[in-house]
Amino acid sequence: MRESFWGVFIIGLGVVTIVLMFYFQTLTNTDEHNYTLLKETTEAAMIDSFDIATYNSTGNVRIDREKFVESFLRRFAQSASLANEYRVEIYDVNEYPPKVSIRISSRKTQSLSILPGQNDTFNFSIINRLDAILETPY
């Protein structure tokens, strides 16, 4: 009888471990996806908003603020995960020298059910912040 309790304990511990590993893997994948999406989208939007007319006339590297915001939001919306709720905050857009500060907050509701009929719901929020400078080779 004692050995059977140990067997049930080991199997139960294995199930709980697998559920916790799934939960933390989801959290890590969401954070990595958000950061990569933020970094790549910011870089592409800065290149899209590069002001060629100013560069040709004065030689200064400058971006257009409205074009940057439009391009960033469009690109981010195309690639964002539909399972999350996002909040995009653009803190600072300097046109000259080109610098942007962006913060993305995503909220996800994850439900874990260890026993049948029991649902534990966890809300977690992931915040990614990026300060980017457009660099050009001379």
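Is Tyr86 buried, exposed or partly exposed, and what is its relative accessible area? Tyr86 is partly exposed, with a relative accessible area of 23%, where buried means under 20%, exposed over 50% and partly exposed in between (1.4 Å probe, protein chains only). The model is predicted, so that local features need pLDDT of at least 70 and side-chain atom pairs count only at pLDDT 80 or more, while totals for chains, interfaces and linings use all residues. Residues are numbered from 1 along each chain as its sequence is written, and side-chain values use heavy atoms, with hydrogens and water left out.

**View 1. Phe72 and Phe76 in helix H3.** Both residues lie in helix H3 (residues 65–79), four residues apart, or about one turn of the helix; helices (H or I, at least four residues) and strands (E, at least two) are DSSP runs numbered from the N terminus. Phe72 and Phe76 are both buried.

**View 2. The edge-to-face pair of Phe76 and Tyr86.** The ring centres of Phe76 and Tyr86 are 5.2 Å apart and the planes stand at 85°, so the pair is edge-to-face (rings of Phe, Tyr and Trp, its six-membered ring, pair if their centres lie within 6.5 Å; planes under 30 degrees apart count as stacked, over 60 as edge-to-face and the rest as tilted). This pair links distant parts of the chain, with Phe76 in helix H3 and Tyr86 in strand E1 (residues 85–94), 10 residues apart.

View 3. Leaving out residues up to four places away in sequence, Ser105 touches Glu85, Tyr86, Arg87, Ile126 and Ile127, contact meaning heavy atoms within 4.5 Å.
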